[in-house]
Amino acid sequence: MELLAELRGRRQWVLGMFAVVWLVLAALQLAGGNVWVGSAQVVLALAYAALWWFSPRPHVQSVTEEALVLRRSTFCTRAIHRAQIDDVQAKYLGAYGLRLTLQDGETIDLPGRALQYEVAAAQAAALRRWAGLDDPVS
C-alpha cells in the first residue's frame, strides 16, 4: 500500500505559479498606471488560478479496501471498484504514471511523480495485486 500512496496526485503547481506571476505583473502594471495591460494580466492570473484549482486531470484521492477513489476536479470524485479494473500498465505521461483499463474499455491515465520506469512498474504491479489481477508475462 505504500507504493499506492505515492500515486496520490497533486494539483499542477506550474499553473499556480503562473497565476502568481501574472498577478505580480498585473500589480506592477497597475501601480505604474497601465490600467489596460494590468487588467489583462489580472484576467490571465484568474484564468491560470481557475485552471489550477479546477484541474480536470484525475488523481488518486485514496485507496480503500474495495475501491480506488479518483478525484477529477474540486467537485467530482469517482470510486472505481476493484472488480471493474481490467488492466494496469505503467505509462510515460510527462513523468511515469499509470494507465488503467476498465472492463467497459474506458482508459484512465493517472499521472504520477515517478522519474524511473521501474517505480511506475512496481506501482502498476501493486495496483494489479490489489485488484486481484494476474501479473503480466514479461
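Predicted model: local features only at pLDDT ≥ 70, side-chain atom pairs only at ≥ 80, totals over all residues.
Two strands are taken to pair if DSSP finds at least two bridges between them, and it is in this sense that Tyr-96 is described as standing opposite Ala-114 in strand 6. Of the 138 residues in the chain, buried residues make up 30%. Among contacts with a separation of 6 or more, 42% are accounted for by residues 24 or more positions apart.

Gly-38, Gln-41 and Ala-45 are buried in helix 3. Viewed down the axis of the helix, its buried residues fall within an arc of 60°, so they line one face. An α-helix has 3.6 residues a turn, so residues three or four places apart point the same way. The cover over the buried residues of helix 3 includes helix 2, residues 13-31, whereas the face of helix 3 turned away from its buried side carries Trp-36, Val-43 and Leu-46, which are exposed.

Three of them form an open sheet in the order 4-5-6, with antiparallel pairing. Strand 4 and strand 6 stand at the edges of this sheet, and each has a single partner strand, so one side of each is left without a neighbour in the sheet. From one strand to the next, the twist averages 20°. Strand 4 is joined to strand 5 by 7 bridges, the two running antiparallel, and within this pairing Gln-89 stands opposite Arg-99 in strand 5. Strand 5 and strand 6 also pair in the antiparallel sense, over 5 bridges, and here Arg-99 stands opposite Asp-109 in strand 6. Helix 4 packs on the sheet and touches strand 4, strand 5 and strand 6, its direction making about 170° with that of strand 4. In a regular strand the side chains alternate between the two faces of the sheet.

Both connections within the sheet were examined at their turns. The hairpin formed by strand 4 and strand 5 has 3 residues between the strands, and Gly-94 in the turn has a positive phi of about 95°. In the hairpin of strand 5 and strand 6, 4 residues lie between the strands, and Gly-105 takes a positive phi near 95°.

A search of the whole structure for salt bridges finds 4, among them a contact between the side chains of Arg-82 and Glu-66, with a distance of 3.9 Å from N to O. This pair links distant parts of the chain, 16 residues apart, with Arg-82 in the loop between strand 3 (76-81) and strand 4 (85-92) and Glu-66 in the loop between strand 1 (59-63) and strand 2 (67-73). Glu-66 counts as partly exposed, its relative accessibility being 39%. The side chains of Arg-78 and Glu-106 likewise meet in a salt bridge, at 3.0 Å from N to O. Because Arg-78 lies in strand 3 and Glu-106 in the loop between strand 5 (96-102) and strand 6 (107-114), the pair ties together parts that are 28 residues apart in sequence. Arg-78, at 27% relative accessibility, counts as partly exposed, and Glu-106, at 26%, is also partly exposed.

A further salt bridge is formed by Arg-128 with Asp-87, their closest N and O atoms being 2.5 Å apart. Here, too, distant parts of the chain are linked, since Arg-128 belongs to helix 4 (residues 117-131) and Asp-87 to strand 4, at a separation of 41 residues. Burial means a relative accessible area under 20%; Arg-128, with a relative accessible area of 8%, is therefore buried, whereas Asp-87, with 23%, is partly exposed.

Methods:
Residues numbered from 1 in each chain as written. Heavy atoms only, no water. Buried < 20%, exposed > 50% of the residue type's maximum accessible area, 1.4 Å probe, protein only. Arc of directions from axis to C-beta. Contact = heavy atoms within 4.5 Å. Axes fitted to C-alpha atoms, helices over the stretch in contact; angles between N-to-C directions.
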